[in-house]
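Here's a quick briefing to read with the structure open beside you. Have a look at the model first, then work through the points by topic.

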Amino acid sequence: MQWIKKNVFIGIIILSWYIVSELQIWSEYILPSPQKVFLAFLSELIDGNLLENTYISLLRIIFGFFIACILAFMFGIIAGMKKQIFEYFENIIEFLRNIPPISLIAILILWFGIGEEPKIIIIILASFFPIFINTTKGIYMVDKKLLEVGYSLNFTKIQLFFKIILPSSLPYILSGMKIGLGYSFRAIIGAEMIAASSGLGHMILDAQELSKSDRVIAGIIVIGLLGCLIDWFFSYLIKKSSKTGYTYEA
């Protein structure tokens, strides 16, 4: 029953889409039918094009996201535990955070060419700040009473970090990773549309240039489904890491 409640609106959208297509309110070029989109999806899947481009996009995302996690985690710990140091960099971080990563693609191509480097850097920039901000906030929000317990037990700084600070801030860190990975998807698709010869973004752009709107929609749906799977995975981890749960505040 719960599953039906969560997906009833999706069913309404698909049904409405089918009815509109059958009534031919818009041409197939503008809005292909669900059946045609499904056949396009199967065609892309069978010939290997979809799997290959999905693999390439995911590889870029995983590599860039991994680097972003390491950097954001390191700087987040410093900022959270040494607030007086973070104050020196707060304005520049706030400035960089408000620059859309995709706007840097032109200068990155000039600096690094049209290879993999610009795309990886775009992913790092897109996912760094949510992880960094949530890691910093998670450390700030550690219960002071727990820290006092650690001090009373004569914990070293390392013990204090791994036994109290890290477990307490883990839901925040995972929430930042969840949001950062979502940003990574948006960034890489945009970057692949501008400067790539492979990946899901390029596949969608290529289909658009060939006026194959069914393949465009199929590609968009694949991206959405991948995002939902990743979102579910991180939501599961967050629930496991915190009994009370946590809601991200932008």
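Predicted model: local features only at pLDDT ≥ 70, side-chain atom pairs only at ≥ 80, totals over all residues.

**Ser21 in helix H1**
- Ser21 sits in helix H1, which spans residues 2-23.
- Its relative accessibility is 9%, so Ser21 counts as buried, the cut-off for that label being under 20%.
- A polar atom of the Ser21 side chain is 2.8 Å from the backbone oxygen of Trp17.
- If you skip the neighbours within four places in sequence, Ser21 touches Leu31, Pro32, Ser33 and Pro34.

**Gly11, also worth a click**
- Gly11 has its place in helix H1 too.
- With a relative accessible area of 36%, Gly11 is partly exposed, a label that covers values between 20% and 50%.

**The nonpolar surface patch**
- Which residues make up the nonpolar patch on the surface? They are Phe66, Ile70, Leu71, Met74, Phe75, Ile78, Ile85, Tyr88, Phe89, Ile92, Phe95 and Leu96.
- Together these residues have about 1200 Å² of accessible area.
- Leu96, one of the patch residues, is in helix H4.
- Leu96 comes out at 41% relative accessibility, so it counts as partly exposed.

Methods:
Residues numbered from 1 in each chain as written. Heavy atoms only, no water. Helix = DSSP H or I, 4+ residues; strand = E, 2+ residues; numbered from the N terminus. Buried < 20%, exposed > 50% of the residue type's maximum accessible area, 1.4 Å probe, protein only. Polar contact = N/O pair within 3.5 Å; in protein donor to acceptor, adjacent residues only side chain to side chain. Contact = heavy atoms within 4.5 Å. Patch = residues over 30% accessible without salt bridge, like charges linked within 9 Å, V, L, I, M, F, W, Y side chains within 5 Å. Areas by Shrake-Rupley, 256 points an atom, 1.4 Å probe, with all protein chains shown as cover. Salt bridge = Lys/Arg side-chain N within 4 Å of Asp/Glu carboxyl O.
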